[in-house]
Amino acid sequence: MKTGLFLLFILLATSSFAGQRQPHVVILGIGKSATGLPQVRGLYDGLEEAGYLNGKNVNIENVRSEQADQLRDRLPGVVRKTPDVIVATSANEAAIAKQITSKTPIVFVPGIDPVGMGFVKSRARPGGNLTGLSFTRDVEDNGKQLAVFKQIAPALRKVMMFYDGQPATRTSSAILASVNRVAQNLKIQLGQNPAASAVDAAQILHSMPAKAVDAVFLICSATFRGMTPLATRAAEKAVPLFGCTTTQVAEEGALMTYTPDIYYIGYRGAWYVDRILKGSRPEELPVETPTKFELVINLKVSRRIGLTIPPEILILADKVFQ
């Protein structure tokens, strides 16, 4: 009799364990190579370090679409599968996820101006189902990026600035105002164009007459993933291009960037996912702000466009690609 009860106990315990649902984490990405984004690599490394192995004790699903509208159409079906956490690889994906669900926890890695975009009530007290890591410390950082760009290319006077012009993620007026104030102080003529993609920006730049601009500056967002088309046009016009990530400087033709380490942002995002899977609510997890910006320069690009970068700037750079 005791043997029979023991076997019944083992059978019930095994059935209960087998029926347990693995935590389900969804990573949202817009673009052709979202899974290759540095923040996604950082997220995977951070989760693995925290003890999560995809297919073993967590189910990580990458949901990628080339266009924002396509991702928006797919997301309701994803939400119906009741994932435990949605990881948005930028403010663009976070905005779409916010439109679809007010219940599923959403972690943005990163989000530009999360308060201004309505993702959180405040960085200290998010107050809803979104939290994560910010791309900048405040809106003034975008102006500081333009100031650093001017130090890299001291002679620039006419700058074409592109920013996200999509309705759901349009760059806030506060950010634009910050950049405009810096431009005026630096005596820079700042042209401003909303764009829907890097390809769109490239077409706008291509249509401009020769010597119409001295440089191309970006208000960084996922809109400008896939920098190569814009970098090609900038090289043709022999003008420096501000990039948004180290990868865009190292591999896609941007001259320089002055931004946080995106890989590390993804790595830190794993902490948020871990806390939520262990029972914390997004509203309890303050938005993390970057503490360091990296100056990254590509000398090969500078030589191609005939720009000599001041030696004192090269000494200060965190990374220089030859």
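Where is Thr169 found? The legends below begin with this residue.

View 1. Thr169 is found in the loop between β6 and α6 (173–185); helices (H or I, at least four residues) and strands (E, at least two) are DSSP runs, numbered from the N terminus. The structure is a predicted model, in which local features need pLDDT of at least 70 and side-chain atom pairs count only at pLDDT 80 or more, while totals for chains, interfaces and linings use all residues. Residues are numbered from 1 along each chain as its sequence is written, and side-chain values use heavy atoms, with hydrogens and water left out. Thr169 counts as buried because its relative accessibility is 9%; buried means under 20% relative accessible area, exposed over 50%, and partly exposed in between (1.4 Å probe, protein chains only). Leaving aside residues up to four places away in sequence, Thr169 touches Ala91, Asn92, Ala95, Met117 and Asp164, where contact means heavy atoms within 4.5 Å.

**View 2. The buried face of helix α8.** Helix α8 covers residues 228–236, and Leu230, Ala231 and Ala234 in this helix are buried. Seen down the axis of α8, the buried residues fall within an arc of 100°, so they line one face of the helix; the arc is that of the directions from the helix axis to the C-beta atoms. An α-helix has 3.6 residues a turn, so residues three or four places apart point the same way. The cover over the buried residues of α8 includes β6 (158–164), α7 (198–207) and β8 (215–218). After α8 comes Ala238, whose phi is positive, near 55°.

**View 3. The disulfide of Cys220 and Cys244.** A disulfide is a pair of cysteine sulfur atoms within 2.5 Å, and by this rule the count comes to one. The sulfur atoms of Cys220 and Cys244 are 2.2 Å apart. Cys220 lies in the loop between β8 and α8 and Cys244 in the loop between α8 and α9 (246–251), so the pair ties together parts that are 24 residues apart in sequence. The link is left-handed, with -90° about the S-S bond. Both Cys220 and Cys244 are buried.

**View 4. Residue types in the lining of the largest pocket.** The lining residues divide into 21 nonpolar, 18 polar and seven charged. Here Ala, Val, Leu, Ile, Met, Phe, Trp, Tyr, Cys and Pro count as nonpolar, Asp, Glu, Lys and Arg as charged, and the others, Gly among them, as polar.
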